[in-house]
Amino acid sequence: MTDLPRDGAPPAEGGAGFRGHDDSPLAPPAPLADAASAARAEGWTGRATSRLQWGLAALGAGCLALGIELAVDTSWSGGLVPLVMSVVGCVATGLLILFGTLAFVHVEVTVDDDSLQVRCGHAGVPRRRIPLRDVVAADHAPTVTPRHWGGWGYRWRPGMGTAVVIRRGEGVILRLGDGRVFTVTVDDAEAAVHHIRARLAVLRA
């Protein structure tokens, strides 16, 4: 019976290093990821919600319900053509308001390794992806108002660029290399700007 080596004793001849069950050398432990890699993996995600859009959605649902009520109402006596026009008008208006408002009840902004992504509504549509390599600068806007953009939703104005505006409040402004500007309203926008700037510094290093 072979004696086991005492603590601190050199390994037996031919047995240098640690070995596994199959007598093959074990791989050394992988080095830990540095802090920069960990920060990149975390990314940043923020949201913003508009309660007003739910009110407008309720209005759209009311128009849709009115159109259905007219379609099944047997007491209508104003003629077929006016009935059809009324039903189509109410249903079309209701659907337009519903889809136009439910798409912007909330927005989600995600910043990952190489892009900023914006998803609107529960279906994530409309959505936009902006590669960070195209971003020249990122700024924090303390107040973005629908009045400045002519309303809520996905907006465009000459000299101002495009924007996703679902409520009044802070937002992120991205200036792109081709001169375009993109604005999005999101909670904790200042943290988003800090994260974008940190990513830009890494990409440009």
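User: Why is I97 called partly exposed?

Analyst: In this predicted model, I97 has a relative accessibility of 22%. Buried requires a value under 20% and exposed a value over 50%, so I97, at 22%, falls in between and counts as partly exposed. The residue sits in helix α3, which covers residues 80-102, and its C-alpha lies 9.4 Å from that of L64, although I97 and L64 are 33 residues apart in sequence.

User: What makes H106 buried?

Analyst: The relative accessible area of H106 is 8%, and because the cut-off for buried is under 20%, H106 is placed in that class. H106 belongs to strand β2, residues 106-111. Leaving aside residues up to four places away in sequence, H106 touches R47, A48, T49, R119, C120, G121, H122 and I166, where a touch means heavy atoms within 4.5 Å.

User: How do you know that the buried residues of α5 line one face of the helix?

Analyst: The buried residues in α5 are A189, A192, V193, H195, I196, R199 and L200. Viewed down the axis of α5, the buried residues fall within an arc of 165 degrees, and therefore they line one face of the helix. As background, an α-helix has 3.6 residues a turn, so residues three or four places apart point the same way. Helix α5, residues 189-204, has 16 residues and spans 22 Å from its first C-alpha to its last, close to the 22 Å expected at 1.5 Å a residue. It lies across β5 and β8, running at about 175 degrees to β5.

User: What makes β5 and β6 the edge strands of the five-stranded sheet?

Analyst: The sheet is open, with the order β5-β8-β9-β7-β6 and mixed pairing. Strands β5 (135-144) and β6 (153-157) each pair on one side only, and they are the edge strands. On average, neighbouring strands of this sheet are turned by 20 degrees against each other, direction ignored.

User: How do you know that β6 and β7 are paired, and in which sense?

Analyst: Two strands pair if at least two bridges are found between them, and β6 and β7 (residues 161-165) have five bridges, in the antiparallel sense. Among the bridge partners in β7 are A163 for R155 and G161 for R157. The two strands form a hairpin with three residues between them, and G159 in the turn has a positive phi of about 80 degrees.

Note on methods: Residues numbered from 1 in each chain as written. Predicted model: local features only at pLDDT ≥ 70, side-chain atom pairs only at ≥ 80, totals over all residues. Heavy atoms only, no water. Helix = DSSP H or I, 4+ residues; strand = E, 2+ residues; numbered from the N terminus. Buried < 20%, exposed > 50% of the residue type's maximum accessible area, 1.4 Å probe, protein only. Expected span 1.5 Å × (residues − 1). Arc of directions from axis to C-beta. Axes fitted to C-alpha atoms, helices over the stretch in contact; angles between N-to-C directions.
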